[in-house]
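Let's take a walk through this structure together, starting where chains meet and ending inside one of them. Keep the picture open as you read.

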Amino acid sequence: MTSISMGTSRNTAERLATIRGGAKPKRHNARTIAALTRNPGCARRAVLDTAGVDKQRLAAYIDFPARFGQSGFAIARGNAFESQVKASGAAELVKLLRERLGLPIPEVAYDDLETVTGREKETPEVRYARSRALLLRAAAGEDGAGTLFDHPLLGLDVAGQRVYLEPDLIAFQHEGRFHVVEIKSFAVVDGQADPGKVSAAAIQSAVYVLAMRQMLAEAGYDPEIVAHDVVLICPRDFSNSPTAVLVDVRKQLAVLRRQLGRMTKVDTMLAALPPNLTFDLAPDADGVPTRAPEALVDALQTVDARYAPDCLSVCELAYFCRAEARGCTAALGTSAREELGGIEQVETALALAKGELSPAEEQTEAAALLRNAARLRAELLAPAGVTLPPTLAPAGTSVAGAAG
Amino acid sequence: MSTLTALARAEAVAAGHAQRITTVRHLHVSDRPLVFLPLSMAGEANAPLGALVGTDPVEPKLLVVPQPRNRDQRFGFAAELAEVLLPYLDSFRGVTEAVAANRGREVRYRYVDAPQVLVPNSAGIGFVRLFGRSTRFRRTDGDYPVHPSVPLLGQWLTFLADRAEHPGSGMLLAMTEALGLHWATGQSALEDAHLAALLAWIDPGDGLTGADAAVVAEDPLRWPPAGPATDPTFDNEILAPAMTAYEEAAASGEEVRRSRARGVLEEAVRSQLTPTWELMWRGVSLLRRLPAGARVDGRWAEDRDVFSNFTLYVDGGGYPQPRRDGAVNAAQRLHRLERALQSYAVQRAYDDPLVMADHRLTGEAFVGEVTLADPHRIDDSGKRRVLRPRIQVTTGDVVLVTVGAVLHSPSRPGQKARVVFVTPDLSTGQTDVVLELSGGLGRSLSPAPGSVPEVGDRLCYTTLSDSFMPPGEFPSREETPWTHGGPPQAYEEPVAPSVEDAREEWA
Amino acid sequence: MSSSGLLVPRGGGSGRLVLPPGEAARQVIGEVLADLHSGQHRGVVVDSPPGAGKSTLVVRAAGELAEAGEPLIVIAQTNEQVDDLIDRLAQAKPELPIGRLSANDYTATDRIKNYSTVRVAAKVADLGGSSVIIGTAAKWALVPEGRWPWAIVDEAYQMRSDALLRVAGRFDRALFVGDPGQLDPFSTVETERWTGLTWDPMQSAVAALLRHNPELPVHRLPVSWRLPASAAPVVAEAFYPFTGFSAGTTAGQRSLSFAAAGFGGGAVDEALEMAATTGWALYELPARHTLRTDSEAAAACARLALRVLERGAVAVSERSPGGAPVTADRIAVGAAHRDQVAAIRAQLGAAGAGITVDTANRLQGREYDVVIVLHPLSGRRDATSFHLEAGRLCVLVSRHRHACVVVARAGISELLDAHPSTEAVHLNVPVKFPDGWEANQSLLGHIAAHRGMTSPHLT
């Protein structure tokens, strides 16, 4: 069970529990924490995430399901690559650390902290304590303290709550210094990889670095013994053989600290919301929600969103927010909104452009620009005859036949 | 994004369908394009799963890889693709035309037409690039021999992917980008990357608004993703069982069973590609209906030049392109790309008043009427008397050009106009711009007929210049300086692929 | 209010310097020249923070190498920089024959024509007898042959790697001098084709040089002679967090005062008083999302600049202990975009004709007494990497010898707070510091304490 740390007032904790309703808080992992950095200005997201609301379930229930399905092929490939790298006491991994990173590793001990027989029912607290004990022994440089620690369970304070991170990394210790090792199955071709995927891996690794540093610092060690260079292991070119690259995550660490620090301001945000706000689905005995979807939509609308098209690829609620933002210039993208002089509503922008609306004082300049733009479009489109409704090609071309 | 395009997006929201942002088409559309729709297997590094490919809208060829993780099948796919693509490329190697080269001292030949490959989106171009990379170093001998067409295909795919980077080239185009160049939708640029949604805005059909049609188009059941990535639900619910069934059937040794299972798999892949195939040809049809800009042919001629040269290179047994550009190659290519980008931007503005309007809005161009003209003005301040006519252009556009700036008019190439005075009239909102002309006036001290604009003419003047920019000079590869690592290693040199390259870490 | 403006100890409070600033700078210059003369290094890099005597170093090194009989070329980035260097070198070494390599259509400026030792030509062959030949990188790139024992590459951080590649064949060894905190060079072409390569042509010349030759000595000039004691620690902390530098002058050596009293000027005068007293002022306009060419902000920039002239500002410094008038050519207004520059220039009108108004890109390497800055994030709803770029802000707030007034809409702090971090990460590309976000926060934290008491929109 997640405990509430001393940092959050009892009041706030109760508010968050109310917002969440009866459901268990959604467990954070490195990926969800990393996602917090993507749209920090969105109050809706901040409130839901801090309260641990299951946004995916909520979105599906109000009929705006998220489209973050994962292909079984991708999962299988990821698992296969990971087990290949970790096989025989992580032999391939050690070879890479030695050869590619030039680390003089003499003997290697490999401890998997997840799969200890008979301990499947351990609580996170117990697992965390065990991981902590082992890692601290290594930090102290004790004999036989180990080299590679697979799946250590780490903890991090998120918005005043202790969050245990679903472990998906190896901590590598050499001469009292730790490196986070992240195994990913996207390819590095000729030294390049998909920057979006590298970026996601970097920020997730940074979450682990931060959590390890926090743990070591609490135990009185210098947090800097966890390197800011993380080791990324990926398949090389089009093959299955792994390659190692060091990724400097100092910028990601700074971003995370900033955003985690910001989340503690949740009290201020909550103060502005209705006291009885809740996203409780009120499930019956069989787990079937009994609350009307409309009631949940109403609840969502009491918390401001900051929708941008980028949300579609990162937030489970994005399709709802997009529908809500219809008619707003924000839905056209940040650069379009800027070019429209920052006018909020498409309708307003067009009325100003046509001169049908007299601008408010702060809209004067934007209105002048829009009128000018509208004049040019009108001047140039009419004579060119390009107002044609773009219907399809007439029958008779082979193309239209294909179009059906 | 310019304000005009943003306004067009706003208009699209209100109108319920996409709005034109150009008056002409700015790219070449071939009479016989080849449409290529690749699909790749999730989780793998560009492993082909299948493709629809061909030049006939009603009879595409379907390629399927039953087990994309299998190396032989992967290169089997490459060989099958080569069977379609290479004859297509060859079909343009018939008629040539002579072109004067080296200031008319020499003649070289280029093909009168060239191939044009269309993929749905920029990820499709990425597929072409990576598939070229994974095939061009393959060898036809040794441990893992491939069909001789495979490395050749790799060279051509790499060639096409390189051209796709070149601003203004039309040899490999992403349909979403080609359409997005001409239409503004009422959604964001990010959503425009979805071909079905983009076309839904351009042609919502059946009384739907663009917004509603786009929402429908986003449903992967009705409009599967245009690839190369597949819909995860399709992977999990249809493809995975079909693949397993095929593997089991193949293992059983029963040909009928295997063939039936393959049929199921083929239909599954076809079902994901056919809707996009139709969208592609709808896109082609929409583009064809736009009149081409005046300079489109010139850019296509450049594509034909490059195509002709590359056929010579390949015929001469040229080595596959290196994995990465070496220092000199990189600098040269950047230089080429920068020149092409600038000239493409200027050419589009010169070809299309609606594109020029972007520059009028930012004050870098203006359109006005000639209100005064002194065509016979002589400047005798220098060593010799020169003809320097002056004209005054009066415009309602915003004028931000400064005195001394040199302007050009799209309709008067070869003539320069230096800004002498800029006088805004705040009461009328008009601005008088006095320009001094040089060039294109004939050889004598009186202007050739028609060489000086007359009072009443309506003209556009802009800071954009279409004049020739001489190419820069670079050291040879062997002369790569010490500041840049010295002469390159084999890695970034075009060389014959070694056995090592061909085996390529295939584990 | 923060006391950092006036009360910092000598040396900018960095505590790093034991030596007096002049001595510390001399020592570094001595080390640089020793490295050059040692013949042990193919290249020597000198990082020079704003106003740290980069040109002095270049002129001195050029003079010494030339006098030692080592034929030498100097590669600068712009024609103006070339003329600056020639002017200073010809003054410092009146006997030294200097060649100016120029484009065919270049006409020598008056300050070049004055020197009988300077020859101007479009071809190296026509500059025979010159001990030093100076030209832009673009011009040197067209010189097909010839190799000199030495080159000095000025403003090397503004130079792109591909430009260095084109000229590097012309020299055996080189001294690279520049400011790493300013704007990186850029390309209009967007491609990731070369990302991660050590010879990526889009990176800076120094980045390419050091990635291939990591053993080269890198020196840092430790003292800014331009920035006053009020600015050096602020700029150093925000933009040079790992290396730092200090002010070469004390607070007591520089002062700014006005001949005419601020009567009726309201918020504008208050901001100027604040700037004169503390070296910084934030002229804050009410929060509003505006067009880039926010006319209210442009007008404020113009009014502030004109008011400095109207009130007869006088600058006392180590150069003119008796005080020198701050004339129009000693005032600059800096902005991020060209259309903003045009808007500000229009507001300045004829009265401000002599005042420099320019973008950060074009203000690089230049120096004024008083600088008015239109904050790149003012009035914006979203920050982009362009507007957040640390180098842009660094250039804008490090051009002044006396005072800097930042004009901004309120709300930048909230904008930064809500900024999503979506920066793509590329393999094998060194991470660049400082981060634009952090640098913006750091500077904002400092100048926020320098708001005037009156809200400008009430006047």
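A bit of housekeeping comes before the tour. This is a predicted model, where local features need pLDDT of at least 70 and side-chain atom pairs count only at pLDDT 80 or more, while totals for chains, interfaces and linings use all residues. Residues are numbered from 1 along each chain as its sequence is written, chains are lettered from A and ligands numbered from 1 in the order in which they are written, and side-chain values use heavy atoms, with hydrogens and water left out.

Let's begin where chain B meets chain A. Here 72 residues of chain B are in contact with 60 residues of chain A (contact means heavy atoms within 4.5 Å). Together the two chains bury about 5500 Å², with 61% of that on carbon and sulfur atoms; buried area is the accessible area (1.4 Å probe) that two parts lose on being put together, summed over both. There are also 12 salt bridges between chain B and chain A, a salt bridge being a side-chain nitrogen of Lys or Arg within 4 Å of a carboxyl oxygen of Asp or Glu. To see a salt bridge for yourself, find Arg458(B) and Glu379(A), whose closest N and O atoms are 3.3 Å apart. Several elements of chain B supply at least two residues each to this side, including α3, α9 (232–252) and α10 (255–288). Helices here are DSSP runs of H or I with at least four residues, strands are runs of E with at least two, and both are numbered from the N terminus. The element of chain B that gives the most is α1(B), with 10 residues. Sorted by class, this side of chain B has 34 nonpolar, 15 polar and 23 charged residues, where Ala, Val, Leu, Ile, Met, Phe, Trp, Tyr, Cys and Pro count as nonpolar, Asp, Glu, Lys and Arg as charged, and the others, Gly among them, as polar.

Leu334(B), Trp482(B) and His484(B) supply 30% of the area that chain B buries against chain C, more than any other three residues. The interface of chain B and chain C has 5 salt bridges, and one of them joins Arg338(C) to Glu364(B) at 3.7 Å, N to O.

Finally, the rings. Over all chains there are 18 aromatic pairs: rings of Phe, Tyr and Trp (its six-membered ring) pair if their centres lie within 6.5 Å, and planes under 30 degrees apart count as stacked, over 60 as edge-to-face and the rest as tilted. Phe77(B) and Phe131(B) make an edge-to-face pair, 5.6 Å centre to centre with 75° between the planes. Phe77(B) lies in helix α2 and Phe131(B) in helix α3 of chain B, so the pair ties together parts that are 54 residues apart in sequence. Both Phe77(B) and Phe131(B) are buried (under 20% relative accessible area, with exposed over 50% and partly exposed in between, using a 1.4 Å probe and protein chains only).
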